[in-house]
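Please look through the structure shown here with the following explanation at hand. The text goes from one part to the next.

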Amino acid sequence: MDRTATGWALHDELPGPLPADEIIALNQPKADLHTHRRYEWNGWTFELPPGVFMPGATSRMIHERVLDGTIAVAGRRYAAMGIGLGVEAIIAGSLGAKEVYAIDVHPESVRTTQRYYDELVGPRSSAAFVPVIGDLFDGIPDGVRLDVITFNPPAVSQAVSEDPDVVRNVCAGAPLVARFFDQLADRELLAPGGEIFLIVSNTADLRGIIRHALERDFLPEIHYRHEWHDDVRTYLFRLQRGPAE
Ligand SMILES: C[S@@+](CC[C@H](N)C(=O)[O-])C[C@H]1O[C@@H](n2cnc3c(N)ncnc32)[C@H](O)[C@@H]1O
């Protein structure tokens, strides 16, 4: 595919979803979600309470880019949507973001983020840290304008489990991402020149997600594309406000 395509041309080149049985096989929930677990990365050690999402390779595609400045946060107002364990907020605080909104619908994820932010970043940073428990941007006051937003959504298109914690972490599906763009557009939450980094694969309804973004006047480009050893293709999209050509 043409990786430089943007807008509707990009949409038209995106792959359709993988077969349902392949998606379900690839996304079998781990049995340990409801236990205490440990995660180590970048010299940091985290203890995860039950229900908090364990970062994976897809998470690290964002974490590494925030850490190396490819996704620039220094001096900017940053929102980490669906923060989970809190890694991206901790990096942003360490790198001198102006404001860090750490958002999750799961209270324990936001509490865990706060705990590690205090421990690993704390008063050493000039960043204003704002923990937010709520559905998408519901807890963000009107008038806030964000310069950069990251989101690794639970966008898998097949119901891989009936466990509400698995659904919340993995397979809420494209409607959640559609509401994310609707809220951004309706409430004008993105500052002029602001950027959204959204990571999704063809285990999700890629085309439906990008179609909705385009319909709401967000212009996508492919920031990074990863090919796994199987049929999964992961796209890190960068989107800005502006009508598609
Ligand atoms: C795939 S995990 C990503 C976690 C973390 N950002 C990472 O990359 O490791 C998705 C996160 O989105 C959160 N989430 C699900 N639905 C949400 C909603 N409606 N509003 C805010 N966060 C939500 C989940 O609780 C979970 O922490």
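Does Gly16 count as buried or exposed, judging by its C-beta neighbours inside 10 Å? Gly16 has 9 such neighbours, and it therefore counts as exposed; a residue is exposed if 12 or fewer other C-beta atoms lie within 10 Å of its own. This glycine is found in the loop that runs between α1 (7-13) and α2 (20-26). From Gly16 to Asp186 there are 170 residues in sequence, and their C-alpha atoms are 28 Å apart in space. The model is a predicted one, and the values given here are to be read with that in mind.

The largest nonpolar core has 70 residues. Within this core, Ala80, Ala92, Val100, Ala102 and Ile209 have the most contacts. The strand that gives the most to the core is β7 (residues 190-201), with six residues. In soluble globular proteins, nonpolar side chains tend to be buried together. Apart from neighbours within four places in sequence, Ala102 is in contact with Ala80, Ile83, Gly86, Ala89, Val110, Thr113, Pro131 and Val132.

Two helices can be taken as a pair. Helix α3 (residues 57-67) and helix α4 (residues 87-94) have axes that come within 9 Å and cross at roughly 5°. Angles under 35 degrees count as roughly parallel, and α3 and α4 are therefore roughly parallel to each other. On the α3 side the contact is made by Ile62, His63, Val66 and Leu67, and on the α4 side by Val87, Glu88, Ile91 and Ala92. Sorted by class, this contact of α3 with α4 has six nonpolar residues, one polar and one charged. The buried residues of α3 are Ile62, His63, Arg65, Val66 and Leu67. What covers them includes α4, β6 and β7. Just after α3, Gly69 takes a positive phi of about 85°.

Most residues other than glycine have a negative phi. Asn42 has a positive phi, near 55°, and is found in the loop between β1 (37-41) and β2 (44-48). Asn42 counts as partly exposed because it has 13 C-beta neighbours inside 10 Å. Leu136 is not a glycine either, and its phi is positive at about 45°. The place of Leu136 is the loop between β5 (128-133) and β6 (146-151). Leu136 has 20 other C-beta atoms within 10 Å and is therefore buried.

Another leucine in a loop is Leu189, found between α7 (174-186) and β7. With 18 other C-beta atoms within 10 Å, Leu189 is partly exposed. Leaving out neighbours within four places in sequence, the residues in contact with Leu189 are Phe137, Ile140, Val144, Arg145, Leu146, Gln183 and Leu184. Leu189 is 103 residues from Gly86 in sequence, and 22 Å from it in space, C-alpha to C-alpha.

Which residues come nearest to it? Of the 20 residues around the ligand, these are Ser59, Gly82, Gly84, Val105 and Asn152. At least two residues of the shell are supplied by β4 (99-104), and at least two by α6 (164-169). By class, the shell divides into 10 nonpolar, seven polar and three charged residues.

Terms used
Residues are numbered from 1 along each chain as its sequence is written. This is a predicted model: local features need pLDDT of at least 70, side-chain atom pairs count only at pLDDT 80 or more; totals for chains, interfaces and linings use all residues. A residue is near a molecule or strand if its C-beta atom, placed from the backbone, lies within 6 Å of it. Helices (H or I, at least four residues) and strands (E, at least two) are DSSP runs, numbered from the N terminus. Ala, Val, Leu, Ile, Met, Phe, Trp, Tyr, Cys and Pro count as nonpolar, Asp, Glu, Lys and Arg as charged, and the others, Gly among them, as polar. A nonpolar core is a set of buried Ala, Val, Leu, Ile, Met, Phe, Trp, Tyr and Cys residues joined through C-beta atoms within 7 Å. Two residues are in contact if their C-beta atoms, placed from the backbone, lie within 7 Å. Axes are lines fitted to C-alpha atoms, for helices over the stretch in contact, and angles run from 0 to 180 degrees between N-to-C directions. Angles under 35 degrees count as roughly parallel, over 145 as roughly antiparallel, 65 to 115 as roughly perpendicular and the rest as oblique.
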